[in-house]
Amino acid sequence: MEFPDIVEAFLLDPTPETRRPLRAAILADPTFDPHLSLRALLGAGPTPQAVVDTITARMPGLLLSPQGHGLLARAHQALGDEASARRERTLSAVSLREIAASGAGTEDSPLEVLRLQDEYDHLQAADRRTTAQRLDRTDAGECDVHTLEDGSELWFRLLWRTSAAG
């Protein structure tokens, strides 16, 4: 199945059965970089067109990136392209929903992320603050464990450091 078909299958029916091949395709793409910092890549005060060009050049590796789709939405809005802005806002929301639906955030059921930034996007969307972070190896793979302000922990399974895409 070609990448556009995998994306379409997922968007039409976002289930674990369609999520796994999409994640695997994103992880396998040469544009995928789990440590990419869009803020550093874009620099200070990029033009909306520069944002669109830079992020689009990193697709499909940035597909399902809440931050990437959010930045694209704002850039398209600034360029007056409401249809593209709406699409990217939707993809940002879908990306966040997929992280939240991937697990309970516990050691036994960690949230699954494609990128390091996805952890922080989820934390920000949930209005939660991290006070410490550690890497923990489990039978399910490697996990980032965030200690939150209230003392609880939130576990994230790092899909790029795991043999399967979840």
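Ala, Val, Leu, Ile, Met, Phe, Trp, Tyr, Cys and Pro count here as nonpolar, Asp, Glu, Lys and Arg as charged, and the others, Gly among them, as polar. By these classes, the lining of the largest cavity divides into 6 nonpolar, 1 polar and 5 charged residues. The structure is a predicted model, in which local features need pLDDT of at least 70, side-chain atom pairs count only at pLDDT 80 or more, and totals for chains, interfaces and linings use all residues. Residues are numbered from 1 along each chain as its sequence is written, and side-chain values use heavy atoms, without hydrogens and water.

A cavity is a set of points, on a 1 Å grid over the protein atoms alone, where a 1.4 Å probe fits but cannot get out; its lining residues have an atom within 4 Å of a point. Grid points are joined across faces, edges and corners, and a volume is the space filled by probe spheres set on the points. The model holds 2 cavities of 30 Å³ or more.

The largest cavity contains about 90 Å³ of space. Its lining includes Phe-10, Arg-19, Ser-95, Glu-112 and Leu-159. Helix 2 (16-28), helix 6 (82-101) and strand 1 (111-113) each supply at least two lining residues. Helix 6 gives the largest share, 3 residues. Helices (H or I, at least four residues) and strands (E, at least two) are DSSP runs, numbered from the N terminus.

The second largest cavity contains about 30 Å³. Among its lining residues are Asp-33, Leu-36, Gln-67 and Arg-115. This lining has 3 nonpolar, 3 polar and 2 charged residues.

Note on methods
On a 1 Å grid over the protein atoms alone, a cavity is a set of points where a 1.4 Å probe fits but cannot get out, and a pocket is an open set with protein on both sides within 12 Å along at least five of seven lines; lining residues have an atom within 4 Å of a point.
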